Amino acid sequence: MASPSQQLPPGWTAEWDLASQRYLFIQPSTGRSQWEIPTATPAQPIDHAPSVSPPPSTAHHAKRRQYAAGQTQVYYGAGDALGDQYGAPGVPQQQQPPATGQLFTPGLAAESGFAGQQQTPQPSYYAPQQEPQYINAPGFGQEPTYHPPNAPIHHLTDQFGQMGMGARPQHLTTTNLLTSPPDPRELLRPPPEIRLPPNACITTSPYANSDSSYQRCTMNAIPTTSSLLSKSKIPLALVITPYRTLKEGELQVPVVTDTVIARCRRCRTYINPYVQFIDNGNRWRCCMCSMSNEVPQLFDWDQTRNQPGDRWAREELNHSVVEFVAPTEYMVRPPQPAVYVILIDVSHTAVQSGMVATATRSILENLDRIPNEDERTKIAIIAYDTSLYFFSMPPGTTESTMLVVSDVDDVFLPKPTDLLVNLTEARQSLESLLGRINDMFQDNHTVGSAMGPALQAGFKLMAPIGGKIMVLSSSLPNIGSGALKNREDVKILGTSKESGLLQAASPFYKTFAIECSRAQVSVDMFLFSAAYQDVASLACLPHYTSGQTYFYPAFNAARSEDAIKFAHEFGEVLAMPIMLEAVMRVRASKGLRMASFHGNFFVRSTDLLAMPAVPTDQSYTIEVQIEDTLTQPFVVMQTAVLHTTCHGERRIRVITLALPTTSSLTEVFASADQVAIATLLANKAVERSLTHKLEDARDAVHQRLVEILSSYKSSMTSAGAGANAQLAISENLKMLPVLVLGLLKSVGIRQSAQIPPDLRAYAQALLTSLPSQTLIPYIHPTFYSLHNMPPEAGTVGEQGVNLPTPLPLTSERLERHGLYLIEDGQTIFLWVGRDAVPQLVMDVFNLPNYEVLRGGKTTLPVLDNDFSQRVNAIIQKMREMRRGVYYPHLYLVKEDGEPPLRLWALSCLIQDRADVLPSYQQFIGQLKDKVNGANNY
C-alpha cells in the first residue's frame, strides 16, 4: 500500500503499525495520534473561560453521546459542563492537558512522543479546593452543581444510533489510570453506544433496542470468535432486570392484547424489530436462526376496530420490551390468584422488640395496597413460637378463631376451610384479627422458634395454588424441621474456614425451597434478631424461590427509626405487583449459548429458570459463551418471561437486545460496559466464596482485572520506553478498577475478622440480587459536601430535587468544619466535623452546638430555614431515587464520636486505606506492578 503522506494536511505524518496492519497518523507537534485520515481544519482560538460543550457541527448529531476519540479533552478541558473539577468556582484550576497528550498511544514511541509527554507537569491528584464558609457568606463557597444527563433525550438519540443510522465503528480513547483520578460522575453516564449496521432494524422507533435498565451486556459489540473474546479477557454476560419499577414519566411497557403471537417455528424466537419480512411481506425471516416463517393471518388485522390494521404500528415491531397477553395454549392451568401467607413469630423476643405490633399494623395499613384488582387475592395469617397458631376467619363476620397445633413434628392443618381466605370477603374479620394479635401474645414468655414447621404448614395451605410466603422471624429456628444451632465462632472469622459459615447449615432449607419452587411458592424472609440468626441458611429459601431477604439486626420498635424503616419496606413488599408462576428463558443468535446463571431462581432444565413469584427490581446475571464463529453482522439476545400477573392474566414479557459483531479488539474494548462487568464480578465473587473460600473469591476478582489491563496493554498500546510508566485502559472502563476495589472492600467479600457472619451473608444476598442501578452505589457509595453546596442543590429542578456534585470517595475531602452526606442505598451517614460552627448545627439539628449532638440513628427535624429544608430534600431524594423497596437508616456521625460508627462511615470512603485493605493509589500501584510483571499475550 502506498504511503498516504502526500494527501495529509501540514504537520501530520503517517506510520505503518505492524500490529494493526494499517497506517497510524501522528502530529509530532502535539503528540496526537489517530487511526482516521486527518483532515485540514481551520485553527480555533483557545477559549479558557468555562463554557458548555462546544457547539455541534450539524444539527443531526446535536445530542449524540461522545465515546469517540477526543472524549477526554472535552471531559477534562474547559469544553464541558462536567469539566469543572472539584474545586469551587473562582479558584484557578490546574489545567489538565488533553488526555491524548498524557497517554502512550500506538505509534507515539517512534516519535519519542511519550518521553516528551512525561516532561509536562503532572496534574495534582485532585484539584485544590477553596476554603469553604458556611451560610452567611455570599455563595457559601459553593461546589459546582451537577445536572444529571436528561435520560429520555439520551435514549432517543442513542437509539437512533442503535438502529444503524449511519453506523460508525467504535472509537477507542485510552486513559492513564495513574494520572486520571476516578470521577464519580462517570458512573452516571449511559453505557457505550450500540452501533448496529445500517438496515439492521425494520423500524425507526427509538425504542427498538433494549434500554440498559432492563437488559444490558458487558460489551456492546460482540467478538466474532471465542478466541477474540478470550484475548480481551472481558467476560461476556447479560444483566437482566425484567420487571423493574417505573418512575413517574417513564414509558410503560406496551401490551399486545390481540393474542396474535408470531414465533419462529425452529428456535421459538418471538417476532421483534430485527426480523426481515420477505415474499411480499407474507413471510418473515428469524433474526436468530434465519428460518423463514409465515406471518400469522391476523397479524395485519385490527381486532378492536375490526378492520385491516397497520403492521408497522404493531408494538412488537417498534419496542424491544413488550408484553403479550397469552392465549390458552400458554397455560397449564387457569391463571392463579395472588396468595399471601404471612408467618409471624410471636415468641417473647418478637413481642418485646415491638416487631409483632409493627408488622400487624403495617399489614392493616396496607390491606388496600395488596394487589387485588380482580378480588381473587387470598391471605392467611399463621403465628408461631414453639407451637403453631392458625386463625379461622369465616367470611362475612368480624370474628376469628385461634386454633393451636402443638405437635410440630407432624404438621397438619386443623381445619380444611377459612384458614386461607379471600381478602375481600374476609376483610372485616381480618382487620379485627390484626388489631388483636399483639394483645393476644403480649404476655407470651415462650422462647423458641418452630419456623420450619410453620413453613411446612404455610406450604400445605397454599401448595395447590402457589403464591408468596412471608416469614417474620426474631430468633434462630430451634424446634422441629429446619432447627439450627448457633455456629458463630469468632475464632474462625477472617480465616479460610469462614466461608463454611456462609453456607446453609441444614439441607432442609434447600430441599424445602425446591419443593416450594415446584409448587409455585416463593418465600420472603424478614429477619430481626439481635443475636445470631444464621442468615446464610435462611436466605436459601428466597434464593431458590425468587424471593428476597430483608435483615433488621437488633430491631427495636421503641426507636421510631427502626419501626419506620421496617413498616415502609414491609408495606412496599406487600403492595408490590408480582409476576406469579413465572419461567424465564434467554435465547440468542446461532453461535451463542447461555452458559451459567446467577440470581434468585431454580434452574429447572438446562436453560429454563423457574421463578414462582418475581419481585420488581430483582436482577439476574447470565454468562454467555461463543460456541461458533459469528458470521452475521449483528446478534440478538431475547429474554422471555412467561408469567401470571397479580390480577390473573397470563402474559409473556419479551425483552430484545441487538448488538453488532466485530472482529476488532479495539471495538470490543471501546464498547465494554463497566457497570455490567462489575455486576457480573459481584455475582461470581459471591458464588466463588461459597464453593471455595472468601480469599479465593477476592483473588479471582483481582486477577480478572489484572488480565483485562494486561490484555489492553499488550493489544492496544505499543511497547516502548514509556509503556511501563503508565497503566492504560479505555476511557469507558476507567471506573472499573475503583468499582472492583469497592467490591473487594464490600461487607460481603472484604478481608476482615470483625464482620459477623449474619451481616456478611445478608450483604452477599444483596450483591447477587440488586439491579445494577442499586448495586453500583452499594459497592461505590455516593459522597456529597453539604455545607458548601450551591444554592440550587436541594431545590426542585427539571429532574426533581437537584443534587450537589458527588465527591471522590476519600477522607481527604473531609474538612473539620464541614457537613457531609455518604450513602450506599442501604444506609445514609451524615458526617459532622468537630469544628462545625454553632449556626450550622442550629440550622440543621436545632441544637446549640456540636458538643450536644448525639451520634447514631436519627431523624432530622424539618426547620424553618432554607438550609434545613434543602438538606432534608436531598435525604428524601436519596431514599426515593434508588430502585427497590429499601428505606435507608440515617446515622449522625460525629468526627470524634463513637469509633465503631465512625469506622463504619469511613469504610464507605473506599479510596482510603483501611485496616489491611489498600487505598486506591496503592491498589493502582499494585495493578501496575502485576500488569508490567505479567506475561503479556
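1. S28 and S29 form a hairpin, with five residues between them. Gly648 sits in the turn and has a positive phi of about 80 degrees. Strands (E, at least two residues) and helices (H or I, at least four) are DSSP runs, numbered from the N terminus.

2. This is a predicted model: local features need pLDDT of at least 70, side-chain atom pairs count only at pLDDT 80 or more, and totals for chains, interfaces and linings use all residues. Residues are numbered from 1 along each chain as its sequence is written, and side-chain values use heavy atoms, with hydrogens and water left out.

3. S28 (residues 634–644) has 11 of its 11 residues buried, so the strand is largely enclosed by the rest of the structure. Buried means under 20% relative accessible area, exposed over 50%, and partly exposed in between (1.4 Å probe, protein chains only). Both faces of S28 are covered. One side includes Phe634, Val636 and Gln638; the other includes Val635, Met637 and Thr639.

4. S28 has strand partners S23 (residues 579–588) and S29 (residues 650–662). Pairing requires that DSSP finds at least two bridges between two strands. Seven bridges join S23 to S28, antiparallel. 11 bridges join S28 to S29, also antiparallel. Gln638 is the bridge partner of Arg587, and Thr656 in S29 is the bridge partner of Gln638.

5. The structure holds 32 salt bridges. Each is a side-chain nitrogen of Lys or Arg within 4 Å of a carboxyl oxygen of Asp or Glu. One of them pairs Arg369 with Glu572, the closest N and O atoms being 3.0 Å apart. Arg369 lies in the loop between helix H7 (355–365) and strand S16 (378–384), and Glu572 in helix H13 (residues 560–575), so the pair ties together parts 203 residues apart in sequence. Arg369 is partly exposed at 39% relative accessibility; Glu572 is partly exposed at 27%.

6. H13 also contributes Asp562, which forms a salt bridge with Lys857. Their closest N and O atoms are 2.7 Å apart. Lys857 lies in strand S36 (residues 856–857), so this pair ties together parts 295 residues apart in sequence. Asp562 is buried at 3%, whereas Lys857 is partly exposed at 24%.

7. Asp866 and Arg870 form a salt bridge, closest N and O atoms 3.2 Å apart. Both lie in helix H21 (residues 866–881), four residues apart, about one turn of the helix. Asp866 is partly exposed at 46%; Arg870 is buried at 2%. Elsewhere, salt bridges that share partners join Glu323, Glu649, Arg651 and Arg653 into one network.
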